[in-house]
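Subject: Structure for you to look at

Dear colleague,

Please keep the model open beside the text while you read.

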Amino acid sequence: MIDRLGRKVTYLRVSVTDRCNFRCTYCTLPASPRGLLTVEELDRIVRVAGSLGIVKIRLTGGEPTVRREIVEITRRTARVPGIREVVMTSNGSRLRDLARPLKEAGLKGINVSLDSLDPERFRTLTHGGDLAAVLDGIEAAREAGIERIKVNAVVVGGMNDDEVLAFADFAGKTGIEARFIEYMPTRRGEARGWTVPYTVLLDRLAESFTLSPLQAYADGGPAERFRIEETGAVVGFIHAMSNPFCERCNRLRVTPDGRIRSCLLTGGEVDFMAALRSGAGDEEIASLFRKAGDLKPAVYELHRLDELDMRAVGG
Ligand code: SAM
Ligand code: SF4
């Protein structure tokens with residue numbers, strides 16, 4: 001699928017639930033009242049997406065691992081013709097039990113969100129999360145043989161921006177890529193000083209280490225990546241705020257309650273729940289996907305960020 005600006009859309013982020021067992025400081029908004037897509041409906045949507053040239057699916061949420069059928073959803077998604085890889089974004093808290101069944105179901109990669117390596121601070125940032133369980137979950141993912149594991153930290157000014165070196169150290173010791181995500185202001189994010197431009201973090205790392213730029217991912221992933229020569233660690237920056245990457249955006253999003261969202265931030269969405277539940281054929285669903293593709297904005301509009309509900313759109 002090619003959007004009206006010529007961008008090839010090959011990547012679909014599917015939010016399978018708006019529920020979560022954490023309440024991260026920047027991500028606590030009410031759940032949708034409309035209910036969730038069923039496992040069969042998710043399967044159908046992915047099949048139509050696969051027929052339109054989507055090759056990569058990321059399961060997200062809310063917290064995808066709190067959805068009871070997550071292993072079944074992963075298995076069915078991985079079997080869809082055209083889908084080359086199924087990956088997940090998770091807070092990692094339930095991976096000790098789920099990593100192996102998810103791997104067996106076909107999960108190829110997992111990004112674990114981890115905003116602090118200090119147990120007390122982690123507990124505060126997540127409203128009760130247990131850092132040890134998350135680290136154990138990452139270890140379980142490794143033991144299970146999940147191929148690509150990364151850690152993502154949303155950097156919030158005054159809360160965890162002093163941990164950049166600690167994350168670089170973690171990346172060096174574990175061989176797991178650590179990525180720093182610029183905080184995007186949401187309705188609750190009245191404190192706009194929370195966004196720390198990635199260049200500030202980069203400079204901080206460069207004071208201690210030699211950084212060599214790495215090539216971007218072949219699949220068009222947005223992270224700008226560097227190797228730390230002294231330790232071999234790989235770190236990345238996702239700078240949607242200070243340096244948007246909209247011109248190479250290749251993605252659409254499905255919300256847990258049956259909408260296709262054209263952009264994380266702005267650009268509008270297409271509701272397909274009614275079509276799905278009133279017996280629409282695949283061609284009708286496909287045309288809704290194309291419509292959402294054409295709603296993708298050239299560049300998102302920052303002034304609308306206050307409307308962002310991260311749990312509904314899956315990050
Ligand atoms: N629960 C899962 C997790 O935390 O990884 C998946 C959903 S979560 C909404 C997806 C990603 O969005 C997480 O990495 C989270 O840190 C990030 N996120 C949430 N709110 C954000 C914000 N305001 N700015 C930047 N990233 C945000
Ligand atoms: Fe839950 Fe992920 Fe939001 Fe944190 S960022 S509250 S783990 S959905």
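Which residues in H6 meet which residues in H7? On the H6 side they are Val-164, Leu-165 and Ala-168, and on the H7 side they are Leu-201, Leu-205 and Ser-208. Before going further, please bear in mind that this is a predicted model, and that every value in this message was computed from it.

To stay with that pair for a moment, helix H6 covers residues 164-174 and helix H7 covers residues 198-208, and their axes come within 10 Å and cross at roughly 65°. The crossing of H6 and H7 is right-handed, and the residues of their contact divide into five nonpolar, one polar and no charged.

A second pair of helices can be described in the same way. Helix H2 (residues 70-78) packs with helix H3 (residues 95-105) at an angle of about 20°, and the axes of the two are 8 Å apart. Because angles under 35 degrees count as roughly parallel, H2 is roughly parallel to H3. The crossing of H2 and H3 is right-handed, and the contact is made by Ile-70, Val-71, Thr-74, Arg-75 and Ala-78 from H2 together with Leu-98, Pro-101, Leu-102 and Ala-105 from H3. Sorted by class, the contact of H2 with H3 has seven nonpolar residues, one polar residue and one charged residue.

Next comes the ligand site. Ligand 2 is surrounded by eight residues, of which the closest are Cys-20, Phe-22, Cys-24, Cys-27 and Asn-91, and the shell around ligand 2 divides into four nonpolar, two polar and two charged residues.

Two of those names, Phe-22 and Cys-24, return when one looks at Thr-126, which, leaving aside its neighbours within four places in sequence, is in contact with Phe-22, Arg-23 and Cys-24. Thr-126 lies in helix H4 (residues 119-126), and it counts as buried because its relative accessibility is 4%, where buried means under 20%. Between Thr-126 and Asn-91 there are 9.7 Å in space, C-alpha to C-alpha, although the two are 35 residues apart in sequence.

His-127 is found in the loop between H4 and helix H5 (131-144). Is this residue, His-127, buried or partly exposed? With a relative accessibility of 44%, His-127 counts as partly exposed. Most residues other than glycine have a negative phi, whereas His-127, which is not a glycine, has a positive phi of about 60°.

The secondary structure comes to ten helices and twelve strands, and buried residues make up 57% of the 315 residues in the chain. Among the contacts in the chain with a separation of 6 or more, 73% are accounted for by residues 24 or more positions apart.

Methods. Residues numbered from 1 in each chain as written. Chains lettered and ligands numbered in written order. Predicted model: local features only at pLDDT ≥ 70, side-chain atom pairs only at ≥ 80, totals over all residues. Heavy atoms only, no water. Axes fitted to C-alpha atoms, helices over the stretch in contact; angles between N-to-C directions. Helix = DSSP H or I, 4+ residues; strand = E, 2+ residues; numbered from the N terminus. Parallel < 35°, antiparallel > 145°, perpendicular 65-115°, else oblique. Left-handed = near helix turned anticlockwise from the far one by under 90°. Contact = heavy atoms within 4.5 Å. Nonpolar A, V, L, I, M, F, W, Y, C, P; charged D, E, K, R; others polar. Near = heavy atom within 4 Å. Buried < 20%, exposed > 50% of the residue type's maximum accessible area, 1.4 Å probe, protein only.
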